[in-house]
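Please look over the sequence and the 3D view below. The paragraphs after them lead you through the structure step by step.

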2 protein chains.
Amino acid sequence: MGKTTDAAEDESGNGIPTMRTAETLLRILPMALCLAALVIMLKDSQTNEYGALSYSDLGAFRYLVHASGVCAGYSLLSAVVAAVPRPSTMSRAWAFFLLDQLLTYIILAAGAISTEVVYLAYKGDASVTWSESCSSYGSFCRKATASVALTFIVTLCYAGLSLFSSYRLFSKYDAPLAYATSKGIEATTFHI
Amino acid sequence: MGKTTDAAEDESGNGIPTMRTAETLLRILPMALCLAALVIMLKDSQTNEYGALSYSDLGAFRYLVHASGVCAGYSLLSAVVAAVPRPSTMSRAWAFFLLDQLLTYIILAAGAISTEVVYLAYKGDASVTWSESCSSYGSFCRKATASVALTFIVTLCYAGLSLFSSYRLFSKYDAPLAYATSKGIEATTFHI
């Protein structure tokens, strides 16, 4: 944002290895959860005497499948990038920050609209003549609920990752302080 | 986060007045939009030969009303806090950052689930025997759509405010750099 110096660009690597490992694991966890939510939703269909119902009949669940796929892909990619021990640049910290933020919004929206559909499927809404469907399609509803619950855990992970990646960005901005201060002290000591 | 210094706490006020005005306006805009979305939704009811339909019959719209109310209240409060020219502390920047983030999630979820309900009201879903309602309740659906559209503009404003408040936090972390560097240069010059 024009306030950084070259020192910030070149200084320090990707943090201490423990922190790098923690970040990588924090990115692999939502990947696993996204894949689980994706697979549960993809296999979610039920046929009985009332008819057949599949996840693809409901727009919200189709969106959840796509969002989970995108999220799993991004989580894997970002975990790989985070795992490689190379100097971290400002532009990379900014990219992580913005993309983590965007993914949080995408996955939160998927969880929210799917929750609404699951709620309507369980309760129905008499005023607009939407009948509940879960007494007929019990196993469909339970699988959908499980998938949505996993999506919310992913949302929490991503909210955490957003804070983490913004903290990473703060510490990048902070880094030149110690550098500049130690130079200042050095200069003072030297010239006294 | 333990990396700040006293200099960061005491230094500089709330930024230049232009920036303060911009932030205040950026917080008053979503307040106005939230109130508009709230009023449109609250007045959204229709009675005709098919029956009566009100926003309170749909859980998603009730949530939208509550979320808009909370958002309008927070926007007003934060605009007032942002408008007062007093020294900005780290804890205040952190509070703005976290609350802006939280409000973005709340209002995004409200917009997402209401969009899903409006979509279902327009299109229906044959596979779960949910009939469309908007041919019977046209004016209800149009008002709901307007309210949801305003909610999405609020979401965009808040996504922007989240970035803004994180930038404010970055600049706070950045602030001591110039301070420390100028001290260093001063020390060097003095002792040579």
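**From the whole chain to ring pairs**

Chain A has five helices and two strands. Helices here are DSSP runs of H or I with at least four residues, strands are runs of E with at least two, and both are numbered from the N terminus. Along the sequence, the pattern in chain A reads α-α-β-β-α-α-α. This is a predicted model, where local features need pLDDT of at least 70 and side-chain atom pairs count only at pLDDT 80 or more, while totals for chains, interfaces and linings use all residues. Residues are numbered from 1 along each chain as its sequence is written, chains are lettered from A and ligands numbered from 1 in the order in which they are written, and side-chain values use heavy atoms, with hydrogens and water left out.

How much of chain A is buried? Buried residues account for 49% of its 192 residues. The term buried means under 20% relative accessible area; exposed means over 50%, and partly exposed lies in between (1.4 Å probe, protein chains only).

Now take the database record. An unreviewed UniProt entry carries the annotation "domain: Casparian strip membrane protein" for residues 19–156 of chain A. UniProt positions are given in the numbering used here, feature names are shortened, and annotations may be inferred rather than shown by experiment. Over residues 19–156, chain A is 74% helix and 6% strand. The end C-alpha atoms of that stretch are 19 Å apart. The unreviewed UniProt entry also gives "transmembrane region" for residues 25–43, 63–84, 96–122 and 144–164 of chain A. Residues 63–84 of chain A are 95% helix and 0% strand, with end C-alpha atoms 32 Å apart. Residues 96–122 of chain A are 100% helix and 0% strand, and their end C-alpha atoms lie 38 Å apart.

Next, see how helices pack. Two packed helices are described by the angle between their axes and the distance between the axes. In chain A, helix 3 and helix 4 (residues 90–123) pack at about 155°, with axes 9 Å apart. Axes are lines fitted to C-alpha atoms, for helices over the stretch in contact, and angles run from 0 to 180 degrees between N-to-C directions. That angle makes helix 3 of chain A roughly antiparallel to helix 4 of chain A. Under 35 degrees counts as roughly parallel, over 145 as roughly antiparallel, 65 to 115 as roughly perpendicular, and the rest as oblique. The contact of helix 3 with helix 4 in chain A involves 20 nonpolar, three polar and two charged residues. Ala, Val, Leu, Ile, Met, Phe, Trp, Tyr, Cys and Pro count as nonpolar, Asp, Glu, Lys and Arg as charged, and the others, Gly among them, as polar.

Turn to chain B. Helix 2 (residues 17–42) of chain B packs against helix 3 of chain B at about 155°, with axes 8 Å apart. So helix 2 of chain B is roughly antiparallel to helix 3 of chain B.

Finally, look at the rings. The structure holds eight aromatic pairs over all chains. Rings of Phe, Tyr and Trp (its six-membered ring) pair if their centres lie within 6.5 Å; planes under 30 degrees apart count as stacked, over 60 as edge-to-face and the rest as tilted. Why is the pair of A:Phe61 and A:Phe140 tilted? The planes of their rings stand at 50°, so the pair is tilted, and the centres are 6.1 Å apart. A:Phe61 lies in helix 3 (residues 59–83) of chain A and A:Phe140 in helix 5 (residues 138–191) of chain A, so the pair ties together parts 79 residues apart in sequence. A:Phe61 counts as buried at 2% relative accessibility, and A:Phe140 is buried at 3%.
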